[in-house]
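Here is a short report for a first look at this structure. Read it with the sequence and the model side by side.

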2 protein chains.
Amino acid sequence: MVTMPNWLAKRASLTPDRKALITKEETWTFRKLHELSKIAANKLAAIGIKDGDHVAVLMGNRPEFLFLLHGLEYIGAVAVLLNTKLAVYELCYQLVDSESKLLIYDDIFEEKAADIFTSIEVKKVRLTDFLSIEEGNADIRSEWQLDRVHTIIYTSGTTGQPKGVMLTYGNHWWSAVGSTLNLGLYSDDCWLCATPIFHVSGLSILLRSVFYGIPVYLVNKFEPCEVNDAIEKQGVTIISVVSQMLMRMVADLGERKYPKSFRCALLGGGPAPKPLLEMCREKEIPVYQTYGMTETASQIVTLSSEYMLTKLGSAGMPLFPAQLRIEKDGAVLPPNEAGEIVVKGPNVTIGYWKKEDATKKNIIDGWLYTGDIGYVDEDGFLYVLDRRTDLIISGGENIYPAEVESVILSHPSVEEAGVVGKDSVEWGQVPVAFVKLFDSQTATKEDIIAHCKERLAKYKVPTDVFFVDHLPRNASNKLMRKELRKWIR
Amino acid sequence: MVTMPNWLAKRASLTPDRKALITKEETWTFRKLHELSKIAANKLAAIGIKDGDHVAVLMGNRPEFLFLLHGLEYIGAVAVLLNTKLAVYELCYQLVDSESKLLIYDDIFEEKAADIFTSIEVKKVRLTDFLSIEEGNADIRSEWQLDRVHTIIYTSGTTGQPKGVMLTYGNHWWSAVGSTLNLGLYSDDCWLCATPIFHVSGLSILLRSVFYGIPVYLVNKFEPCEVNDAIEKQGVTIISVVSQMLMRMVADLGERKYPKSFRCALLGGGPAPKPLLEMCREKEIPVYQTYGMTETASQIVTLSSEYMLTKLGSAGMPLFPAQLRIEKDGAVLPPNEAGEIVVKGPNVTIGYWKKEDATKKNIIDGWLYTGDIGYVDEDGFLYVLDRRTDLIISGGENIYPAEVESVILSHPSVEEAGVVGKDSVEWGQVPVAFVKLFDSQTATKEDIIAHCKERLAKYKVPTDVFFVDHLPRNASNKLMRKELRKWIR
């Protein structure tokens, strides 16, 4: 059981004057970040938050998110990170399921918070109010053990039931170390965070910053011109993106080229379109394709720089501490044969919160069964063919068809439902639904969509609904979404 | 309990074509290094070495040392690294105490090996003979757990009894990670190893090379002009040195300056003379002073680049995963008060082989009591005042007075003995002895020195012996070596 010193306190003692956080408006050093996090910890203590408590955060990308996150670390509370795009119905489920003692929410989500308050009983505090709380006297931890839970982030899955992924201090630490052994670490590094902090993609940038002693350039809302400016003029050297973001950045860049100092565009969130990769190659943009998920605390497979061109389209090889194999029917497959992607490493979650069955089913002897389909070539490079059982990735957000289907099925007129992704220039994919109504019932497309809107985050709501006589099922009566995708075409 | 993939096999799969090892004569890629290590593992298997066996290695800095070390890792054997400068008497002690199943020795130590063979029974094989063994079929491990013992390296101590420091896979791993978070990791890095591989200083360079995917530039015998050439023309960016080495490099450099690519001279092995540091500052040599010991798997406290000039003379701050405090009489001291240096971190040894009492005495709740004296300033920077209870550091080698004294005391004519370090331009320090003979006995200086030469490595043999009527002792009759040092002056 490894013990480490309090991360940010340690960093602040090592390099207090280095920049920790940069926004368009302001800059914070590690010393300042540490001070503000101590204050946050003291405020949390003042309202009774203790070691081991779960505290939910509903917040966009803003500096206070960092102070809060570190403040929670300081007192040993677990951060439950809520996706701000979720519907009230979904938020309530996660708040209750996670047994959160408190919800801290950004003022801009006042309305959502009010709706939550009418549905469930949870102590909540608006950010502005939190900031004006008088400081208590927190017992700030000087060290912590890596096997303790740091964060809970919800993810759906094949069952449609959202599950809280528990990420330990060690999961985050090992993820960051694995990344740096692949990407290197330069004294002038600066990592731009335009992906949400409530996702492991954004969160991991904040933590790497502390481990590495480099600044996070924090962006509230992704705007290609702002991001390009940060790269071209503000010294950003690394950025985490999904395809849609990179595409818009390249479009905004036009005829210009990025400076040499820009050394890595870490491209995750689903398979990248080949034309985009080829365009980046032409413009000499150093793209590192990567594969990961909440359960692996971000990247677990990344294409290292020397193979960027020769292995175009591959997600790369498992990071130094990690391992990968392709399985089918319990057997490990040889190269070039497609099967389920199975990964192992100290960055892999210890399991799902209060979901022991799902944990046991998905993690066997330390190996995580991702549900994703892919193969490795003869050199060990991973090619991802299909994300988790029909996972739809829309603008970098995961949508599990089963989750959307179960909401549609809860409509009294619906007998059967099937949801699949449809290609979208803007979002990569968007969900569409096929619905079979009960013989005696009627419902319109608008009825179904309205039903979904009440219960699902906007990005999960089908953009179209097709009424059908039957849904394609196989011999064992399982829905064949592959067939549905053909129907779209 | 963290499991990692086989380090070198992993590195060879990630970046097979990168350079792993460079000597003046030849270059090996990680693919090649992996192949040769597999061969070494197969040969070890052929002569019956199994998972868990202890295998002693008596070898200078040569490529085969690497193949052997990794070969031992591959089959799960523990490497017992023998200091080639030790006397036969000392080597026999370590071979027997470590329960080594086999001694593999460099041909140049044929004579020493023969003497060992006449003293104790141990299976031994000369390197040339080892290389010609037909390969067996080793069960090469694909992964290992970080809590397993990787290396045993002997160190003496206040008791004079050499103790085998057990370093786990995790100790080495965490040491390397802590180092890179301080020094950074550049794609063109190349680390020169001119310190002995049988010391943790050299060994740690070989392991970092595998973790980082950078080459080791291996030097058999330190020659300032060869090392300077490697820095100026062969692309070496980092080098580990002790003061004497750096001094000779600077002398050889003359009016020239090092290229910008040379980014770190990691200076360990005892307090550095201020004039040397000032000279380096003038010549813009990027010196990183560091403090560590076998028990910490090399560095644990290092002066990071931004404080090189403002904190000249300090050993720096504990690396990111590590902690430090100064204690006296069981209390933690405030800044600027001198006391014992106590350190903690995942790079700290799990203990001494078969010496449970010494382990319990020196490591309490994860904190290692170093026996060294120092203080931290108000910013947390460590200043080492005095190494472990009168430790003498001669040319980077540790000499424990108690060990030399116990050898002198074994001479039948000697009643009391005290050993201290005397300043030496060439070696930093050399040991000298004060001896009180039994009233009835006589012995000459030459008698005492000859007695020591038989039983001690040459560098530990006193360069001078002074016969005295009494030795300075305190109220509790403890030898006051401080007084002896005054006598020298």
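Two strands count as paired if DSSP finds at least two bridges between them. This is a predicted model.

**Strands in chain A**

Begin with strand β9 of chain A, residues 149-155. This strand is mostly covered, with seven of its seven residues buried. Strand β5 of chain A, residues 78-81, runs parallel to β9(A), and three bridges join them. Strand β10 of chain A, residues 163-168, runs antiparallel to β9(A), with six bridges between them.

The table lists these two pairings, with one bridge from each.

| Strands | Direction | Bridges | One bridge pair |
|---|---|---|---|
| β5(A) and β9(A) | parallel | three bridges | Ala79(A) and Thr151(A) |
| β9(A) and β10(A) | antiparallel | six bridges | Thr151(A) and Leu167(A) |

Thr151(A) is the bridge partner of Ala79(A). Thr151(A) also has a bridge partner in β10(A), Leu167(A).

**A helix in chain B**

Helix α13 of chain B spans residues 401-409. Which residues of α13(B) are buried? They are Pro401(B), Ala402(B), Glu403(B), Val404(B), Glu405(B), Val407(B) and Ile408(B).

**How the chains relate**

Chain B superposes on chain A by a rotation of 180 degrees with 0.0 Å of shift along the axis, at an RMSD of 0.1 Å. That is the relation of a two-fold axis. Which residue of chain B comes closest to the rotation axis? Leu185(B) does, with its C-alpha at 2.3 Å. Of the interface residues of chain B, 100% are also interface residues in chain A, so the copies meet through the same surface.

Methods:
Residues numbered from 1 in each chain as written. Chains lettered and ligands numbered in written order. Predicted model: local features only at pLDDT ≥ 70, side-chain atom pairs only at ≥ 80, totals over all residues. Heavy atoms only, no water. Buried < 20%, exposed > 50% of the residue type's maximum accessible area, 1.4 Å probe, protein only. Helix = DSSP H or I, 4+ residues; strand = E, 2+ residues; numbered from the N terminus. Least-squares fit on C-alpha atoms with pLDDT ≥ 70 in both. Contact = heavy atoms within 4.5 Å.
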